[in-house]
Structures are given as C-alpha cells and as structure tokens.
Amino acid sequence: MTRAVEAGPAVEMGPAVEMGLAVEMGRRVRVRVPATSANLGPGFDSFGLALALHDEVEVTVTASGLSVDATGADEVAQDETHLVVRAIRATFDLLGRPQPGLALRCANRIPHGRGLGSSAAAIVAGVVAGAALTHDDLGPGFESASRAAPGTGDAGTGAGGRDGDAAGEAVEAAVGSRGESDWMLRLAGEIEGHPDNVAAALEGGFTVAWQDPDGARCLRVEPFDGLRPVVFVPTVRQSTRESRGALPERIGLPDAAHTLGRAALLALALSAAEPAGASRRAELLLRATEDRLHQPYRLPAVPGTAELVAGLRALGIPATLSGSGPSVLALAVSGQQAATAVGAAGADFSVAPLTVDRVGARITRFAAVM
Ligand SMILES: Nc1ncnc2c1ncn2[C@@H]1O[C@H](COP(=O)(O)OP(=O)(O)O)[C@@H](O)[C@H]1O
Ligand SMILES: N[C@@H](CCOP(=O)(O)O)C(=O)O
C-alpha cells in the first residue's frame with residue numbers, strides 16, 4: 001500500500017511565490033512534528049520511520065527581532081543559528097518574502113544527537129511553519145481539518161489510520177500526502193543534507209526517500225498494523241556529522257549486493273500490503289535489518305549500543321542502530337515482542353515503547369492576525 005502524488009504521474013509541486021509581499025504581523029502558527037528513525041538497518045540515507053514522539057513549535061510574526069522560548073532537556077542556541085529559525089528564514093527566502101521578526105515557543109521532546117531525527121524535526125517544523133505563515137491555502141495534497149479528524153488516535157489504529165492524532169489535538173492540516181515532488185521535502189532535504197529523516201517527518205509512516213538531480217523525493221508506504229517500535233536511548237550523544245565521518249568512501253560489491261537485497265526485503269516486510277503473520281514477519285524483519293553499509297563502521301565506536309543490538313537480535317528481535325546512533329531501534333511485530341525488547345535493556349538506556357506516527361508533520365493551530 002503506497003501513496004505517491006494524487007492519481008497519475010508525478011506532478012511538480014512548487015511553492016506559490018509572491019515576491020516582496022510582507023507576511024502579516026501577528027500571524028501565528030503551531031506545528032507538531034514527529035521523531036524519526038532513519039536507515040532501519042540497510043536503508044542508509046533512504047528509509048525513515050515516523051515515531052509517536054513529537055516536538056512542537058509555535059511561531060508568531062513580529063515587527064522585528066527574534067525571541068526563542070524553549071522548554072526541553074537539550075540546550076540549543078537561541079539566536080539566528082537556531083535550526084527552526086534558519087528553516088523558516090530559508091522558506092521565506094524561497095517564497096520571495098521579506099524577513100519579518102519572529103517569536104518562537106518550542107516544546108522540545110525529541111532528544112538531540114541520539115539518532116532520533118531531532119535536527120530533521122526542527123527543519124521540517126521551520127519549513128512547514130514558514131509555508132503556513134505565507135499561505136492561507138497550502139495547495140494540493142494539503143489535508144483539510146475534516147479529513148484529518150481529531151481524536152481518533154494514531155497510536156496503533158493500524159493501516160489506514162492516518163486521520164487523527166494520539167493526543168486528540170485539533171489538527172487543522174496534516175502535511176503528509178503532498179506527494180513525491182513536494183517543494184517542502186526538497187527544501188528540508190537540502191538543509192538537512194540527507195532526505196531520509198525529513199521525508200518520514202513530513203509524511204509519517206514508513207518512507208523511502210531518494211535524491212534526484214533537482215532534490216529529494218519520497219514514496220510513503222503504510223507500515224503493517226502490528227508494528228511496535230521500541231527505542232533505547234543512551235545518555236551519550238553522537239553528532240550525525242561525526243558519525244558520518246566514520247564511514248568509508250567506497251563499499252565492495254559483495255557488501256553492496258548483500259545490503260541491496262536486505263533493503264528490498266525490508267521495504268516489503270514492513271508494508272501493510274504484505275500479509276505475513278507476526279512470527280513470519282519477525283523472521284523476515286530479522287533477516288531484512290542486516291546491513292553492511294554503515295553499522296559495521298559505526299557500532300565499534302558505541303560498544304554499549306553494539307551489545308544491545310546484538311542481544312536483542314539474539315532474542316529474535318529485529319534491532320538496528322537508530323539513524324546514525326547511538327540509540328537503538330527495535331522493530332517489534334507485536335506488543336508481546338515489544339515487552340520482551342523492553343526487558344532486554346540495561347540501566348544505561350532509557351527505553352520508550354512507541355507507536356508509529358502515521359500522520360507526519362501537522363499544523364495544530366493556524367490563526368490569522370490575533
Ligand atoms: N528543536 C531544535 N531546535 C533547535 N535546534 C535543534 C533542535 N533539534 C535539534 N537541533 C540541532 O540539531 C543538533 C542535533 O542534530 P544531529 O547531530 O543531526 O542529531 P539528531 O540525530 O538528533 O538529528 C542539535 O545539537 C541542535 O544543534
Ligand atoms: N542516514 C543518516 C541518518 C541520520 O539520522 P540522525 O537521526 O542520526 O540524524 C545517517 O545514517 O547518517
């Protein structure tokens with residue numbers, strides 16, 4: 001079950017550019033964006049899974065200056081280098097709008113530098129907020145409030161459960177289903193440098209992203225109903241940039257071929273369209289999450305993480321490095337397997353049994369002049 005652009009061939013969806021038109025002062029938007037786990041083993045820089053753990057950002061247009069009021073465990077710069085601010089400014093530049101003053105309120109719940117896509121969430125929040133502040137009508141593929149009905153729960157509602165939100169919030173527009181050539185994905189991918197996390201953060205569910213000459217694209221795949229991701233977050237941090245520095249420039253053909261087969265299998269085994277039962281699914285996912293492209297080079301630098309991945313896999317639980325690490329992702333096929341995974345972690349990790357976010361980035365409050 002996959003979802004591309006509307007019906008028919010891919011359509012280029014560019015932004016509506018209105019050169020020089022100032023964004024109204026007092027305009028305010030609130031955006032909610034999921035954490036994401038990238039790679040899922042063999043899908044390096046391509047696969048992403050959206051998780052029901054969210055950052056929230058409220059942006060108000062002011063006459064001048066910048067204020068950032070952030071809550072959350074991780075400290076970030078509160079000036080123009082702030083990632084959400086940079087992404088809003090990049091969006092305004094792209095849309096030909098003069099730069100206004102900005103006031104941000106941020107609830108940061110996604111831990112930073114742990115492989116859970118915090119930077120992608122910040123970038124997507126900025127791009128979506130920037131787009132929403134400049135448009136009343138966000139264009140084709142932007143779901144209306146009536147389609148994204150609140151309160152039906154994305155926590156385990158299963159395939160097709162994209163409409164709604166676990167927290168019962170007043171979803172005014174979900175950003176997903178904008179399609180594979182969306183300009184927001186291209187811009188967010190350009191800022192992040194790789195498209196996997198930003199694709200899943202925008203679209204929700206499981207995404208396969210790729211880079212075309214003109215930027216990032218993705219296809220969203222509905223993950224199977226029983227999927228219960230569990231994340232294990234250590235106290236140590238690892239910057240994605242440093243972790244990418246540990247990777248080799250070249251990979252031998254046998255390792256490339258091995259990983260290619262696993263990645264193709266993983267995309268099929270995660271899909272709701274594959275009818276396998278839980279135990280067959282776990283067996284397929286265990287094989288499918290093997291990878292020879294990045295984990296063999298990254299895991300030696302994080303021995304506690306390497307030990308946990310090996311321990312979970314020895315129990316038959318499909319576990320991988322989450323993104324560039326150092327967190328671990330277990331793709332449990334049922335609540336029972338998720339409980340087994342939770343019990344396998346030592347005291348060095350905080351463990352979060354989660355559900356899949358099937359909605360992706362959404363606008364939860366969209367007010368004109370207040
Ligand atoms: N909500 C946020 N607001 C501002 N900056 C953020 C936010 N989230 C992440 N960042 C920036 O991104 C960095 C982490 O990015 P990265 O190393 O790619 O790790 P991650 O795996 O968490 O994405 C943080 O140190 C911070 O500079
Ligand atoms: N494909 C990237 C994914 C990085 O994800 P993050 O959550 O660690 O930023 C990589 O493997 O470097």
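## Sheet, hairpin and ligand shells

Four strands form an open sheet in the order S10-S11-S9-S12, with antiparallel pairing, where strands are DSSP runs (E, at least two residues) and helices are DSSP runs (H or I, at least four residues), numbered from the N terminus, and two strands pair if DSSP finds at least two bridges between them. Strand S10 (319-321) and strand S12 (349-353) are the edge strands, each pairing on one side only. Neighbouring strands of this sheet are turned by 20° against each other on average, direction ignored, the axes being lines fitted to C-alpha atoms and the angles running from 0 to 180 degrees between N-to-C directions. Within the sheet, strand S9 (residues 228-234) and strand S11 (residues 328-332) pair in the antiparallel sense over 5 bridges, and Phe-232 has Val-328 in S11 as its bridge partner.

This is a predicted model, in which local features need pLDDT of at least 70 and side-chain atom pairs count only at pLDDT 80 or more, while totals for chains, interfaces and linings use all residues. Residues are numbered from 1 along each chain as its sequence is written, and chains are lettered from A and ligands numbered from 1 in the order in which they are written.

S2 and S3 pair in the antiparallel sense over 12 bridges and form a hairpin with 3 residues between them, where Leu-40 in the turn has a positive phi of about 55°. Asn-39 stands opposite Gly-43 in S3. Of the 12 residues of S2, 11 are buried (20 or more other C-beta atoms within 10 Å of a residue's own, C-beta atoms being placed from the backbone).

The two ligand shells are set out below; a residue is near a molecule if its C-beta atom, placed from the backbone, lies within 6 Å of it. Ala, Val, Leu, Ile, Met, Phe, Trp, Tyr, Cys and Pro count as nonpolar, Asp, Glu, Lys and Arg as charged, and the others, Gly among them, as polar.

| Shell | Residues by class |
|---|---|
| Ligand 1 | 6 nonpolar, 11 polar, 2 charged residues |
| Ligand 2 | 3 nonpolar, 10 polar, 3 charged residues |

Around ligand 1 there are 19 residues, the closest being Leu-83, Ser-118, Ser-119, Ala-122 and Thr-240. Helix H2 gives the largest share of this shell, 3 residues. Ligand 1 lies between domain 1 (2-222 + 357-367) and domain 2 (228-353), because both give residues to its shell; the domain bounds come from an automatic or database domain assignment.

Of the 16 residues around ligand 2, Ala-38, Gly-115, Thr-240, Gly-323 and Ser-324 come nearest.
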